Amino acid sequence: MYTRHTLIETTLGEVTLVATGEALVGLYFGQHWYRPAQECFGASVTDGADRLLSEAADQLREYLNGDRTGFDLRIATSGDVFEERVWHLVKQIPRGETTTYGELAEKLGDKSQAQLVGKAVGRNPLCVIIPCHRVVGADGRLTGYAGGLRRKQHLLDLEEPITVKADRLF
C-alpha cells in the first residue's frame, strides 16, 4: 500500500497527516511525544495534491475553526489489542464531554490499569480525530497530551458546549 504524508498549517501549529492506501493513519504535531520516524511517513506530497490528505486537511481546519463538529474520514490504526480497545472507547467520548483514565480502565474491566490506559491514550496515532484530548486526570485536571497541554486545553475550549460558554459571560 502507498504511504504518503503532507504538512499543513493549522491554528494549533504545523501538523503532519499520514495516509496509507485509502485510510488516514496518522495526525502528528511537530513535537508529538510518540511521533514515528520520518521514514515511516512515506513520500511527501504537497497540500492539495492527494485527495484523501486534502480532505483530511480541510476537515481538520474546519474543525479547528469551529465549522465542523466531527470527522467523516476513513481511518486505520495498528496498535496492539489493548491499545485498540482503548482507542475504541476514546472514539465514543461525545464532543463537549470528558472522561478519566480510570473510568476508561473500569470500562475495560480493571480500574487499576489507569496508567496503562494513559500510555495507550498517549500513543493514539490520530489525535484530534480519535479525541484523546477528552481524557483527563481523576480530579479533572489536564494531564498528558502527546501534542502538549496548551493544545489539549484549546481543543477542550473549542468543544465546550455553547450554553456553558454563555454562562461564563454573566
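Mentor: In this predicted model, an open sheet is built from 4 strands, arranged in the order β3-β2-β1-β4 with mixed pairing. The edges are formed by β3 (23-29) and β4, each of which pairs on one side only. Helix α1 packs on this sheet and touches β1, β2 (13-20) and β3, its direction making about 25° with that of β1.

Strands β1 and β4 run parallel and are joined by 2 bridges. Here Arg 4 stands opposite Ala 43 in β4. The side chain of Arg 4 also meets that of Asp 50 in a salt bridge, at 2.7 Å from N to O. This pair links distant parts of the chain: Arg 4 belongs to strand β1 (residues 3-10), whereas Asp 50 lies in the loop between β4 (43-44) and α1 (51-64), 46 residues apart.

Both partners fall under the 20% limit for burial. Arg 4 is buried because its relative accessible area is 4%, and Asp 50 likewise counts as buried because its relative accessibility is 12%.

The structure holds 6 salt bridges, and two others may be set beside this one. Asp 139 and Arg 141 meet through their side chains at 2.8 Å, N to O, and both residues are exposed. Glu 106 forms a salt bridge with Lys 111, with the closest N and O atoms 3.9 Å apart. Glu 106 is partly exposed, since its relative accessible area is 47%.

Note on methods
Residues are numbered from 1 along each chain as its sequence is written. This is a predicted model: local features need pLDDT of at least 70, side-chain atom pairs count only at pLDDT 80 or more; totals for chains, interfaces and linings use all residues. Side-chain values use heavy atoms; hydrogens and water are left out. A salt bridge is a side-chain nitrogen of Lys or Arg within 4 Å of a carboxyl oxygen of Asp or Glu. Buried means under 20% relative accessible area, exposed over 50%, partly exposed in between (1.4 Å probe, protein chains only). Two strands pair if DSSP finds at least two bridges between them. Contact means heavy atoms within 4.5 Å. Axes are lines fitted to C-alpha atoms, for helices over the stretch in contact, and angles run from 0 to 180 degrees between N-to-C directions.
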